[in-house]
Amino acid sequence: MPRRRPWALLPGALFLLLIGCAPQAPQGYPGYAPAPGWGPPMAGPVPAEVPRTRVALLLPLSGGNAPLGQAMQNAATLALFESGDPGLELVPRDTRSSASGASEAARRAMAEGAQAIAGPLTLGETAAVSGVVRGSPVPVFAFTADEAQAGPQVWVLGITPTQQARRMVSAAAQAGARRFALLAPEDAFGQRLASAMRGALSDLGLPPPAVQFTGPRGGDMAGPAESLAAAQPDAILLGGGAAFARQAGPAIANAFGPNRPRLLGTVLWAGEAALGNEPSLAGAWFPGPDPQGRGRFDGQYAAAFGGAPPRLAGTAYDGAALAARAVRDGTPPVGMTFLGADGPMQILPGGVVSRGLAVFALRPGGDPVVVQPAPSPGGAGS
């Protein structure tokens, strides 16, 4: 079956308009060779080729992560196609899922004239690429969620622990919570959640959270749950994924009895609809991408490439769109707010990205429901 081509399948409403690029009617897409016989009838002289400006895309395109890398490349391709700028060229380079591969890919792309970089995927790869671009004018829009990688010319586009913790504190405080707690594995993710909660609560004039850490894989939750019960929190953030939540929820229910606090989660719960079938977790809140923006992106991806995109594909879409904007304007779009694949976002100095995240509630036997929409970045609740 011949490969489906995005320009033949995309709906008329071009989504990149919402991320700050007004699309024009495309005359083909850089980097794609039309199939034999495809193309509009030619009349008159062939127009001169438009000079192209290169945007590098660093992804794992070989090895075990190749399927994810290909899906993210599709999403980035969609973003640049929707920009409607025939002068932009996407230059995919394989990182081989390693720091050395990412460093080599970045050097090669810059030697070939890339003026902005979208990617790479992981924290180790991002650290390596940061060293390559240091001292150059090339901005990097990385896909990692490790906020420690943010810097003067490196923007971290993944949904970070700080963004998640601050959103959940804000949402629960708006609902009346005044005393907070954290139950999380004692790892880097848990430590960052704790630090972000302290900062968010201080900003609200509320007392710091009671914090209980567990082993990296959770383990016995009874002791930590009893300790948190003594602090009498109104809300507890569970700093782990679905497996961690299934251990923590019943332990908290046993420790608190009928006066249970509101349970809060992380974006790791997204896509885990069955989590609501655990009685102790029914009604628990967690943050996630704005469903309207994400639904729009998912639909356009499916129309162009067939099938649903993986969750991380939205980050590649946003990264490619922002890199294209930086190249077009000659500078990263600092201070501007966009509606990307995962909802509203604002690019700030120092590699900081402010995101508007929606808040969802788990429910038994059904998909989570939105209880608070995504706020505008920088506004109340973000």
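This is a predicted model: local features need pLDDT of at least 70, side-chain atom pairs count only at pLDDT 80 or more; totals for chains, interfaces and linings use all residues.
# Reading the labels on this structure

Colleague: Why does Gly63 count as exposed?

Modeller: Its relative accessibility is 57%. Exposed means over 50% relative accessible area, buried means under 20%, and partly exposed is in between (1.4 Å probe, protein chains only). So Gly63 counts as exposed.

Colleague: How far apart are Gly63 and Arg96, in sequence and in space?

Modeller: They are 33 residues apart in sequence. In space the C-alpha to C-alpha distance is 6.9 Å.

Colleague: Now Gln149. Why does this residue count as buried?

Modeller: Gln149 has 17% relative accessibility, so it falls in the buried class. Its place is the loop between β4 (140–142) and β5 (154–156).

Colleague: What does Gln149 touch?

Modeller: Leaving out residues up to four places away in sequence, its partners are Leu123, Thr126, Ala127, Ser130, Thr144, Val154 and Val156. Contact here means heavy atoms within 4.5 Å.

Colleague: How many salt bridges does a search of the whole structure find?

Modeller: It finds 13. The test is a side-chain nitrogen of Lys or Arg within 4 Å of a carboxyl oxygen of Asp or Glu.

Colleague: How do you know that Glu89 and Arg54 meet in a salt bridge?

Modeller: Their N to O distance is 3.4 Å, and that is within 4 Å. Glu89 is in strand β2 (residues 88–94) and Arg54 is in strand β1, so the pair ties together parts 35 residues apart in sequence. Glu89 is buried because its relative accessibility is 16%. Arg54, at 24%, is partly exposed.

Colleague: What makes Asp203 and Arg166 a salt bridge?

Modeller: Their side chains meet at 2.5 Å, N to O. The pair links distant parts of the chain, with Asp203 in helix α6 and Arg166 in helix α5, 37 residues apart. Asp203 is exposed, at 58% relative accessible area. Arg166 is partly exposed, at 30%.

Colleague: Why are Asp329 and Arg325 separated by about one helical turn?

Modeller: Because they are four residues apart in helix α10 (residues 313–329). Asp329 is partly exposed, at 39%. Arg325 is buried, at 9%. Elsewhere, salt bridges with shared partners join Arg54, Glu89, Arg93, Arg108 and Glu112 into one network.

Colleague: Why are α5 and α6 called oblique?

Modeller: The axes of helix α5 (residues 161–174) and helix α6 (residues 188–203) cross at roughly 45° and come within 8 Å. Axes are lines fitted to C-alpha atoms over the stretch in contact, with angles from 0 to 180 degrees between N-to-C directions. Under 35 degrees is roughly parallel, over 145 roughly antiparallel, 65 to 115 roughly perpendicular, and the rest oblique. Therefore α5 and α6 are oblique to each other. The contact includes Arg166 and Val169 of α5 and Leu193 and Asp203 of α6. By class it has nine nonpolar, three polar and three charged residues. Nonpolar means Ala, Val, Leu, Ile, Met, Phe, Trp, Tyr, Cys and Pro; charged means Asp, Glu, Lys and Arg; the others, Gly among them, are polar.

Colleague: What makes α2 roughly perpendicular to α9?

Modeller: The axes of α2 and helix α9 (residues 291–305) come within 11 Å and cross at roughly 100°. That angle lies in the 65 to 115 range, so α2 is roughly perpendicular to α9. Among the contact residues are Leu78 and Glu82 of α2, with Phe297 and Tyr301 of α9. The classes are seven nonpolar, two polar and one charged.

Colleague: And what makes α7 oblique to α8?

Modeller: Helix α7 (residues 222–231) and helix α8 (residues 242–256) have axes that cross at roughly 45° and come within 8 Å. So α7 is oblique to α8. The contact is made by Ala222, Ala225, Glu226, Leu228 and Ala229 of α7 and Ala251, Ile252, Ala255 and Phe256 of α8. Eight of these residues are nonpolar, none is polar and one is charged.

Note on methods: Residues are numbered from 1 along each chain as its sequence is written. Side-chain values use heavy atoms; hydrogens and water are left out. Helices (H or I, at least four residues) and strands (E, at least two) are DSSP runs, numbered from the N terminus.
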